[in-house]
Amino acid sequence: MRLALFSPYGSFHREAGLLYLVANYLDKQGGEVVQLRCDGALSACGRDKKHVGGRAPFACLQCLGEQSALSQWAGVRSRDVSSFIAPEDVTQSSKWISSVAREELDRLEFRGIRLWEMCSNEFAARWGAAQVSSLTPTQEQSVRALFVSYVHAVVASERFLASWKPTLSFAISQSDLISN
């Protein structure tokens, strides 16, 4: 059995312990387990909401340390998100998202999924705003950064899954792991 994990926020989500416990068990049963680890390659993330003004210095290093500690405990190998994102991905997605008019942001789609719907909970937790129409210029920049990060996470995940070809994949999301 090949298992893929994506727990991008280290121990930030309460489900991380359960996820790595399952990974540890499957590893001990002979399964091959690999974690797709965020190595700071995303321009914005859910942990940023602790710091409304932007990412705090060393936040990525702290998270990377947590992810490394959890994967070492579980006996899990890691692959970094940045190894699945090409420079042209960054350029193209940033240009694309920055070219979208503000009034179109809540309708912008990537791979058939509305980006606002995927990122609105993160945005509301950080800024308390739930509508694109009420964004300040600073909040609009934050939304665009979340969109770019979401696109990069999707692209990196797709490439990782295509190369690893896992039997089973686990990813921690906004809500709990068990019910998803």
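Visitor: How many helices and strands does the secondary structure of the chain come to?
Guide: Keep in mind that this is a predicted model. Along the sequence, the elements follow the pattern β-α-β-α-β-α-β-β-α-α-β. In total, the secondary structure comes to five helices and six strands.

Visitor: What share of the residues counts as buried?
Guide: A residue counts as buried when its relative accessible area is under 20%. The chain has 180 residues, and the share that counts as buried is 44%.

Visitor: And which share of the accessible surface belongs to carbon and sulfur atoms?
Guide: The accessible surface of the chain comes to about 9,400 Å². The part belonging to carbon and sulfur atoms is 55%.

Visitor: How much of the contacts do residues 24 or more positions apart account for?
Guide: Here we look at contacts in the chain with a separation of 6 or more. Among these, residues 24 or more positions apart account for 78%.

Visitor: Are H4 and H5 parallel or oblique to each other?
Guide: Helix H4 covers residues 115-127 and helix H5 covers residues 137-164. Their axes are 10 Å apart, and the packing angle is about 130°. An angle over 145 degrees would count as roughly antiparallel, and 65 to 115 as roughly perpendicular. H4 and H5 are therefore oblique.

Visitor: Which residues of H5 make the contact with H4?
Guide: H4 passes H5 in a right-handed crossing. From H4, the contact takes in Leu115, Trp116, Met118, Cys119, Glu122, Phe123, Arg126 and Trp127. By class, the contact has 11 nonpolar, three polar and two charged residues. The H5 side is made by Thr138, Gln139, Ser142, Val143, Leu146, Phe147, Tyr150 and Val151.

Visitor: At what angle do the axes of H3 and H5 cross?
Guide: Helix H3 spans residues 87-99, and its axis comes within 10 Å of the axis of H5. H3 passes H5 in a right-handed crossing. The angle at which the axes cross is roughly 140°.

Visitor: How many nonpolar residues does the contact of H3 with H5 have?
Guide: On the H3 side are Asp89, Val90, Ser93, Ser94, Trp96, Ile97 and Ser98. They meet Arg144, Phe147, Val148, Val151, His152, Val155 and Arg159 in H5. Besides four polar and three charged residues, the number of nonpolar residues in this contact is seven.

Visitor: What is the phi of Arg111?
Guide: Arg111 sits in the loop between strand S4 (109-110) and strand S5 (113-114). Arg111 is exposed, with a relative accessible area of 52%. Although Arg111 is not a glycine, its phi is positive, at about 55°.

Visitor: Which residues does Lys165 touch, not counting residues up to four places away in sequence?
Guide: Lys165 belongs to the loop between H5 and strand S6 (168-171). Lys165 is exposed, since its relative accessible area is 59% and exposed means over 50%. Its phi is near 55°, a positive value in a residue other than glycine. Leaving out residues up to four places away in sequence, Lys165 touches Arg2 and Phe160.

Visitor: How far apart in space are Lys165 and Ala4?
Guide: In sequence, Lys165 and Ala4 are 161 residues apart. From C-alpha to C-alpha, the separation in space is 8.6 Å.

Visitor: What distance separates the C-alpha atoms of Glu103 and Ser133?
Guide: Glu103 has its place in the loop between H3 and S4. Glu103 is exposed, with a relative accessible area of 55%. Along the chain, Glu103 and Ser133 are 30 residues apart, and their C-alpha atoms are separated by 7.0 Å.

Key:
Residues are numbered from 1 along each chain as its sequence is written. This is a predicted model: local features need pLDDT of at least 70, side-chain atom pairs count only at pLDDT 80 or more; totals for chains, interfaces and linings use all residues. Side-chain values use heavy atoms; hydrogens and water are left out. Axes are lines fitted to C-alpha atoms, for helices over the stretch in contact, and angles run from 0 to 180 degrees between N-to-C directions. Helices (H or I, at least four residues) and strands (E, at least two) are DSSP runs, numbered from the N terminus. Angles under 35 degrees count as roughly parallel, over 145 as roughly antiparallel, 65 to 115 as roughly perpendicular and the rest as oblique. A crossing is left-handed if the near helix is turned anticlockwise from the far one by less than a right angle, and right-handed if clockwise. Contact means heavy atoms within 4.5 Å. Ala, Val, Leu, Ile, Met, Phe, Trp, Tyr, Cys and Pro count as nonpolar, Asp, Glu, Lys and Arg as charged, and the others, Gly among them, as polar. Buried means under 20% relative accessible area, exposed over 50%, partly exposed in between (1.4 Å probe, protein chains only). Accessible areas come from the Shrake-Rupley method with a 1.4 Å probe; for residues, only the protein chains shown count as cover.
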